[in-house]
Amino acid sequence: MSQSFDEFVHEHQQALVRYATLLAGGQGDAEDLVQEVLIRVYPRWETLEGSAYAYVRRAVTNEFLSWRRRWSTRHIRPTDELPEVPVGLDWHEPDQRLWAELRKLPRQQRAAVVLRYYEDLTDAETAELMGCREGTVRAHVSRGLASLRSVLGTSERAWRGHE
């Protein structure tokens, strides 16, 4: 691998934490998530092939999706202690409603929506990253957007940037 681990972390850590914040619901959990993944990746760093960022992003996604089993007893706290808006993300007022509703989506739907609309991945890229079929991704995105639209009252065209 041409880029050292330290260089990779310096260049991509903030983007990975922002992405993980959208998945995990808070910056503290996102930082823990990214750090856990980086600790696991470090011993194998020199053997990674292809895009290191894509590999680590996939590892962050997989770790997030598996947190329900492993982290549910380690991070118990009342909902009123969670921040309304993730720290480090400069979101405007309308986005705060979106952020609150996004946090309510099931993990698979939230991951699919974030990967498609925040990370701007295709269905195929999202499916590969989530380890599922493209049809499953489309179903997760469709259900997630339908839930968000039902609460926020936004048309499908607005979600696709046409309004």
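Visitor: Why is threonine 126 called buried?

Guide: Its relative accessibility is 0%, and buried means under 20% relative accessible area (exposed is over 50%, partly exposed lies in between, with a 1.4 Å probe and protein chains only). Threonine 126 therefore counts as buried. Do keep in mind that this is a predicted model, where local features need pLDDT of at least 70, side-chain atom pairs count only at pLDDT 80 or more, and totals for chains, interfaces and linings use all residues. Residues are numbered from 1 along each chain as its sequence is written, and side-chain values use heavy atoms, with hydrogens and water left out.

Visitor: Which residues is threonine 126 in contact with, leaving aside its neighbours within four places in sequence?

Guide: Contact means heavy atoms within 4.5 Å. By that rule threonine 126, which is found in helix α6, touches Ala112, Leu115, Arg116, Leu121 and Val137.

Visitor: And what makes a stretch a helix here?

Guide: A helix is a DSSP run of H or I with at least four residues, a strand is a run of E with at least two, and numbering starts from the N terminus. On that basis the protein chain has 8 helices and 0 strands, and its pattern reads α-α-α-α-α-α-α-α along the sequence. Of its 163 residues, 41% are buried.

Visitor: Why are α5 and α6 called oblique to each other?

Guide: A pair of packed helices is described by the angle between their axes and the distance between the axes. Here the axes are lines fitted to C-alpha atoms over the stretch in contact, and angles run from 0 to 180 degrees between N-to-C directions. Those of α5 (residues 107–117) and α6 (residues 123–130) come within 10 Å and cross at roughly 135 degrees. Angles under 35 degrees count as roughly parallel, over 145 as roughly antiparallel, 65 to 115 as roughly perpendicular and the rest as oblique. The angle of α5 and α6 falls among the rest, so the two are oblique. On the α5 side the contact is made by Gln108, Ala111, Ala112, Leu115 and Arg116, and on the α6 side by Asp123, Thr126, Leu129 and Met130. These divide into 5 nonpolar, 2 polar and 2 charged residues. The nonpolar class holds Ala, Val, Leu, Ile, Met, Phe, Trp, Tyr, Cys and Pro, the charged class Asp, Glu, Lys and Arg, and the polar class the others, Gly among them.

Visitor: What makes α6 roughly perpendicular to α7?

Guide: Their axes are 8 Å apart and they pack at about 100 degrees. That angle is inside the perpendicular range, so α6 is roughly perpendicular to α7. Asp123, Ala124, Thr126, Ala127 and Met130 of α6 meet Glu134, Val137, Arg138 and His140 of α7. By class, this contact has 4 nonpolar, 2 polar and 3 charged residues.

Visitor: What is the phi of aspartate 120?

Guide: Aspartate 120 has a positive phi of about 60 degrees although it is not a glycine. Most residues other than glycine have a negative phi.

Visitor: How do you know that serine 66 is buried?

Guide: Serine 66 has a relative accessible area of 10%, below the buried cut-off, and is therefore buried. Its place is in helix α3 (residues 52–71). Serine 66 and arginine 107 are 41 residues apart in sequence and 9.5 Å apart in space, C-alpha to C-alpha.

Visitor: What makes proline 106 partly exposed?

Guide: Its relative accessible area is 48%, so proline 106 lands in the in-between class. Proline 106 is in the loop between α4 (93–102) and α5.
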